[in-house]
Amino acid sequence: MKPRLIVSRQMPGPVGARIRAEFDCPWPEGRDMDAEEMLQQVRDTQAEALLFSSHLKLDAAVIARIPDHVRIAATCSVGFEHIDVAAARARGLPVTNTPDVLTDCTADLTMLLILGACRRAHEYEAIMRAGWRRGYGLGEMLGVRASGKRLGIVGLGRIGQAVARRARGFNMRILYNNPRRLPEDIEEGATYFADLREMLPQCDILTLHARGGPATAGLMNAETFALLPKGAVFVNASRGGLVDEEALIAALRSGHLFAAGLDVYHNEPAFDLRLAELPNTFLFPHMGSATIETRTAMGMRALDNIAAVLAGRPPIDPLWN
Amino acid sequence: MVKPVLLITRRLPPAVEARAAEHFDARLNPDDSPRSGADILRLAQGADAVLCCPAEKLDGATIGALPATVKVIGTFSVGFDHIDIAACRVRNLPVVNTPDVLSVATAECCMLLILAASRRAGEGERLVRSGGWTGWTPTQLLGTQVSGRRLGIFGMGRIGRELARMARGFGMSVHYRDVARLPEPLEAGAIWHDDDASFLAASEVLSLNAPGGAATRDWLNAERIALLPRGAVVVNAARGTLIDDAALIAALQTGQVGFAGLDVYAGEPALNPGYLALENVVLLPHLGSATRETRDAMGHLVLDGIEAVLAGREPANLVR
């Protein structure tokens with residue numbers, strides 16, 4: 001008999017195919033459910049596992065209502081801000097995420113944000129969609145060349161390192177700020193700054209790859225943006241909470257920042273629409289991991305975790321040990 | 001000392017105009033008005049040098065009618081399709097251009113197009129700007145991963161090689177098609193193909209980096225597109241004439257080509273309206289070299305060449 005699973009979110013095709021083959025699930029391709037519907041489905045099917053994603057807030061109240069026959073809840077995401085980890089832990093419900101598999105994809109998107117912001121991709125695309133019809137003068141609509149610039153990386157973890165690797169192909173000089181200095185073989189010539197404030201004045205381009213949470217909330221604010229050189233380019237594909245958006249908007253309006261490339265926002269999807277009114281922004285709807293390959297890999301990784309726990313093995317990616 | 005007279009046909013970046021004004025009696029175009037051949041002949045009276053741009057066509061008749069005082073033509077471009085070089089040769093009039101300095105910016109533009117097309121930047125941008133974004137879903141706007149793919153470069157000149165270097169940082173394997181195999185140090189591990197079929201079959205991402213002209217006109221046609229892997233990504237920041245637009249548009253509609261990114265078009269600044277109806281293309285208005293750094297470097301290089309000729313030296317950037 002196949003293990004019983006509820007999938008409370010739409011999944012890419014290959015993930016649905018595996019669910020159909022390996023699990024007993026009423027909607028193998030997933031169905032977007034709210035917490036009430038999820039709980040109802042879990043009860044009705046006596047599900048042993050739950051596959052969900054960041055749309056579903058697993059707060060203490062919801063966790064308390066998850067029946068005991070559910071032996072694992074796997075989120076199809078790296079982030080777990082939507083989960084009350086302490087409550088799940090107290091309740092003895094293993095929760096897993098999907099790290100690693102989206103490193104390359106997110107680093108690719110970060111480079112796209114850097115290039116797109118430097119090279120005015122939003123304005124150029126808008127010109128084309130409006131029909132173009134006028135050639136530009138040689139000094140007109142110029143962007144900033146990204147190659148050869150100094151790139152500051154805040155948080156040189158897996159994704160930060162993957163960004164550094166790509167940036168070296170553009171002859172960028174890598175500076176980084178991290179809670180601790182990394183071994184030389186990981187640094188690969190990058191310059192370490194223990195203090196973000198000392199690094200910022202030397203960054204032509206700044207990209208954030210730090211963890212979220214209270215310790216880093218508003219890391220980039222009026223004071224820290226002011227420490228960047230005039231004309232710097234700012235990119236964030238990690239956590240919206242790292243940025244004081246009021247200060248960001250002011251820096252973009254004044255021209256202190258040449259441009260910004262953003263994939264994440266303080267409030268999603270109800271982000272600050274003033275960002276969309278600025279010409280010098282390059283904006284994505286949280287698409288860091290949005291490739292068929294990566295989303296499939298994330299779904300598969302979540303299923304690997306579920307399969308492991310239901311087979312009596314430890315989870316591969318537990319949120320706590 | 002009397003400064004030599006330099007006619008500059010269009011407005012140039014401020015740093016370049018400043019240098020021109022310092023070293024020359026510079027005739028500028030502050031309004032950036034388009035200049036016809038007749039305008040140029042009129043304005044060039046008594047000039048020692050002419051600095052033109054690709055928008056001006058200096059045909060045989062114009063070259064022949066330039067005043068004898070003009071000793072050198074500089075063009076603010078790499079290409080010189082707009083200048084009748086044979087007519088210049090007849091008059092013994094050297095032409096200088098701006099090679100090399102825009103390779104990096106143009107390769108950067110190719111990489112931007114590859115990433116933007118593959119990751120559906122146009123659609124994502126429009127969704128966010130519309131204010132209609134309703135939130136993250138696991139299946140929203142899924143693109144295709146760039147890192148680790150096979151990149152095919154058609155035309156492995158300076159820009160192609162710069163692009164290859166950038167692509168290696170993304171773990172891409174590089175394949176190329178060119179008239180001849182490059183020496184190994186320039187190849188840097190890229191795989192040469194001596195026929196279109198094997199090259200196209202290898203190209204999950206195809207970047208066109210070949211020169212324009214009759215030999216490459218409509219090179220990417222329906223027949224060659226059919227040889228690409230299904231769902232391939234196609235980018236072009238070289239010459240619009242390399243692509244048979246109708247064939248590419250049809251392939252984007254059927255999904256044979258998954259995504260395309262274009263900076264150049266046949267018939268610029270007009271483009272085939274079929275592109276505008278497609279969501280799976282990212283379109284830029286021929287601004288491949290449009291960075292401050294590059295445009296300044298181009299201007300300084302062309303002024304270097306003009307100054308060298310006027311000083312009786314051989315310029316490094318002489319068109320041969």
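**View 1. Buried area between the two domains of chain B.** Domain 1 of chain B and domain 2 of chain B bury about 350 Å² between them, with 33% of it on carbon and sulfur atoms; buried area is the accessible area (1.4 Å probe) that two parts lose on being put together, summed over both. B:Asp81, B:Asp100 and B:Thr294 supply 74% of the area that domain 1 of chain B buries against domain 2 of chain B, more than any other three residues. This is a predicted model, in which local features need pLDDT of at least 70 and side-chain atom pairs count only at pLDDT 80 or more, while totals for chains, interfaces and linings use all residues. Residues are numbered from 1 along each chain as its sequence is written, chains are lettered from A and ligands numbered from 1 in the order in which they are written, and side-chain values use heavy atoms, with hydrogens and water left out.

View 2. Six residues of domain 1 of chain B are in contact with four residues of domain 2 of chain B, where contact means heavy atoms within 4.5 Å. One salt bridge is found across the interface of domain 1 of chain B and domain 2 of chain B, a salt bridge being a side-chain nitrogen of Lys or Arg within 4 Å of a carboxyl oxygen of Asp or Glu. B:Arg158 forms a salt bridge with B:Asp100, with the closest N and O atoms 2.4 Å apart.

**View 3. The domain interface of chain A.** Chain A is divided into domain 1 (5–101 + 292–310) and domain 2 (103–283), whose centres, taken over C-alpha atoms, are separated by 33 Å. Domain 1 of chain A and domain 2 of chain A bury about 390 Å² between them, 35% of it on carbon and sulfur atoms, and A:Glu81, A:Asp100 and A:Thr294 supply 73% of the area that domain 1 of chain A buries against domain 2 of chain A, more than any other three residues. Two salt bridges are counted between domain 1 of chain A and domain 2 of chain A. A:Glu81 forms a salt bridge with A:Arg239, in which the closest N and O atoms are 2.8 Å apart.

**View 4. The interface of chain B and chain A.** The contact takes 69 residues from chain B and 69 residues from chain A, and the area buried between the chains is about 5,900 Å², of which carbon and sulfur atoms give 61%. Four salt bridges are found across the interface of chain B and chain A; the side chains of B:Glu293 and A:Lys149 meet in a salt bridge with an N to O distance of 2.6 Å.

**View 5. An aromatic pair between the chains.** Nine aromatic pairs are found over all chains in a search of the whole structure; rings of Phe, Tyr and Trp (its six-membered ring) pair if their centres lie within 6.5 Å, and planes under 30 degrees apart count as stacked, over 60 as edge-to-face and the rest as tilted. A:Trp132 and B:Tyr265 form an edge-to-face pair, 5.7 Å centre to centre with 65 degrees between the planes.

Key
Domains from an automatic or database assignment.
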